[in-house]
Amino acid sequence: MLTKRKLILLLSPFCLFMLFFFFSALAKSLVTSFGYYPLMGMEKLSLHYYTDALNNKVFLRIFFRTFIFALFSAVLACFFGTALSFLFKKNDNPFTKPFFKLAQLPVMLPHIFIVLALLQLLSQTGLVSSLLTKIGIIHSYNSFPLLLNDQWQIGIILTYLWKEIPFVIVSLILVLRQMDNRYRIVSENLGATKWQTFWKVSLPLLMPAIVNAFIINFSFNFGAYEVPYLLGNQTKELLPVYIYDLYVQGDYTQLPMIMSLNLILSVFSIAFAGLVIWLSKHLPGGHTGGI
Amino acid sequence: MASKKFTKLIVYLIFAILVLMPLFVIFMLAISKTWSYPSLWPKWVDWGYYFRFLFTSKEIQSSLFSSLELAVGTVVLTIVIAYPTAMALAYYDFRGKKLLNVLVYLPLIIPSIALLTNMDFIMIKYGLNGTFFGVVSVHTLFCLPYAIKLLYDNLILWKDKYEVASRNLGASTLQTFFKVTVPMNKSGLQGAVMMTYIVSMTQYLATLLIGDGNYLTLSVRMFPFTTSGKYRMAAVYGITFMLVTLIPLYLIDVWVTHKGRKIA
């Protein structure tokens, strides 16, 4: 039944779709980033948009800031997500089922939803601030700390955690349910402590799923526009806002420069994802040993 | 043991509060007339306001329609592309399979701002910006990784054993697909459809940028209201969003789980 013709038939919709949209878009921006943009009468190929970008202090500073921010939020989300999944892994208590039902909720709602709630709750004139004033912990809304549109991106991080911890839980629970309990039992029979079993048996088995969720979260934090736009701080701009602003300015002579920035980001993200996968396989305790 | 159960209870309660609090705040915002600093509770709650608004406002109805139209289009296009791909990945061994696996995830790995500006650029060239097909294609690009993964995870469980049997017993390819493959992998298909629906409904920048403002979906319209401080209007759109995502998904879930499982 498995003929080569059938395989080609099965793969063709995906390949055609990717070729027509994804790769043509990449190719077009690659060509443009070399300075080939006939519409504006630019036809000379050069690498100077890349060298310019890599010497651009503002871009590099924003790039670095965004990277640290995305890494920090993704690590936090994966840490809490994994810990919570393990805590509620066994079906021996009445909370496991409602816990996983609850975890699906944030995955289904858009980011703007939680942003709106945070604005009502945590802004200086928000509900938490009102509550603290009422019970006399702070005197007026001025003394409530700036948590949204702040320098440390706290509002954005909270938003991402609200969305991503449940995402990690939802992606891990599928693996946890199918995970073979025998390995854990064997390990405990052989005298391993609970921690040893966790570190050397359960966690490595779960590693591919965690890494997967981590990469998706990191890339999202690194490149998504809407939340930094709503809750970001203008003096501590993040990359997506920076690029979007350049793009919508409508200055067509700037396009090759923007495309070169896009490609630098894309290549960087792919390389970073590759590095994370490589690390997860080669660090001690990370390899699954062919299971 | 008792203390462990207690810890779980506390963690569960904190988690539940953190997840549900924003939902509650949005709900209260949508039905309250004035709720601003420093009052802890809305001064005036009007339960009927939301529904009157939903049934009279042309704006909210049109964005509800845009959202659903795009979501349904995206689900159809995504499943049509993802199903054969997942089948190929689950049943066959071929050269370049690893590469294809990486390729599937690329749209999620490349920063969306970079991908979207590139896509906008090429859509303008194709003349597809602002069109239904253009927006649906970009949504599909972001949905494919999830859909293929969910379908693949399900298809790999039985591989093609039952399909081969069905074909040997004389069923046609189409009969085999609709009477064996799809029913056996119902949960994978359910997951893929739900995830695609959610991802399409929640898109903001893709819809706005590629759609040229022609598709003002629920999540797109929430933005200007939020930035201009009209939280109540934003909340009204948010509640509508919840109504059209949570209720249908819950119904699908109930329907699928109760409609007798033959295998598994």
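**Notes on a predicted two-chain helical model**

1. Starting with α3 of chain B: this helix runs over residues 58-91, has 34 residues, and reaches 49 Å from its first C-alpha to its last, close to the 50 Å expected at 1.5 Å a residue. The expected span is 1.5 Å times one less than the number of residues. Helices here are DSSP runs of H or I with at least four residues, strands are E runs of at least two, and both are numbered from the N terminus. There is also a kink of about 25 degrees in α3(B), centred on Ile79(B); the bend at a residue is the angle between axes fitted to the seven residues ending there and the seven starting there.

2. Some housekeeping. This is a predicted model, where local features need pLDDT of at least 70 and side-chain atom pairs count only at pLDDT 80 or more, while totals for chains, interfaces and linings use all residues. Residues are numbered from 1 along each chain as its sequence is written, with chains lettered from A and ligands numbered from 1 in the order in which they are written.

3. Chain B has twelve helices and zero strands. Its C-alpha atoms fill a box of roughly 70 × 65 × 35 Å along the principal axes. Of the 264 residues in chain B, 44% are buried (20 or more other C-beta atoms within 10 Å of the residue's own; exposed means 12 or fewer, partly exposed is in between, and C-beta atoms are placed from the backbone). For contacts in chain B with a separation of 6 or more, residues 24 or more positions apart account for 71%; a contact means C-beta atoms, placed from the backbone, within 7 Å.

4. Chain A also has twelve helices and zero strands. The C-alpha trace of chain A spans about 75 × 70 × 35 Å along its principal axes, and buried residues make up 37% of its 291 residues. Among contacts in chain A between residues at least 6 apart in sequence, 72% join residues at least 24 apart.

5. On to the interface: 62 residues of chain A are in contact with 63 residues of chain B. Helix α1 (residues 4-33) of chain A gives the largest share of the chain A side, 14 residues. That side divides into 47 nonpolar, twelve polar and three charged residues (nonpolar: Ala, Val, Leu, Ile, Met, Phe, Trp, Tyr, Cys and Pro; charged: Asp, Glu, Lys and Arg; polar: the others, Gly among them).

6. The largest nonpolar core has 145 residues, and those with the most contacts inside it are Leu116(A), Ala147(B) and Leu151(B). Helix α6 (residues 132-158) of chain B supplies the largest share of this core, 14 residues. Such a core is a set of buried Ala, Val, Leu, Ile, Met, Phe, Trp, Tyr and Cys residues joined through C-beta atoms within 7 Å. Leaving aside neighbours within four places in sequence, Leu151(B) is in contact with Ala82(B), Tyr83(B), Ala86(B), Gly188(B), Leu189(B) and Ala192(B).

7. Ser280(A) sits in helix α12 (residues 255-282) of chain A. Ser280(A) counts as partly exposed because it has 19 C-beta neighbours inside 10 Å.

8. Last, the annotations. An unreviewed UniProt entry lists several transmembrane regions in chain A, including residues 109-132 and 197-220; UniProt positions follow the numbering used here, feature names are shortened, and annotations may be inferred rather than shown by experiment. Residues 109-132 of chain A are 75% helix, with end C-alpha atoms 29 Å apart, and residues 197-220 of chain A are 100% helix, with ends 32 Å apart.

How values were computed: Contact = placed C-beta atoms within 7 Å.
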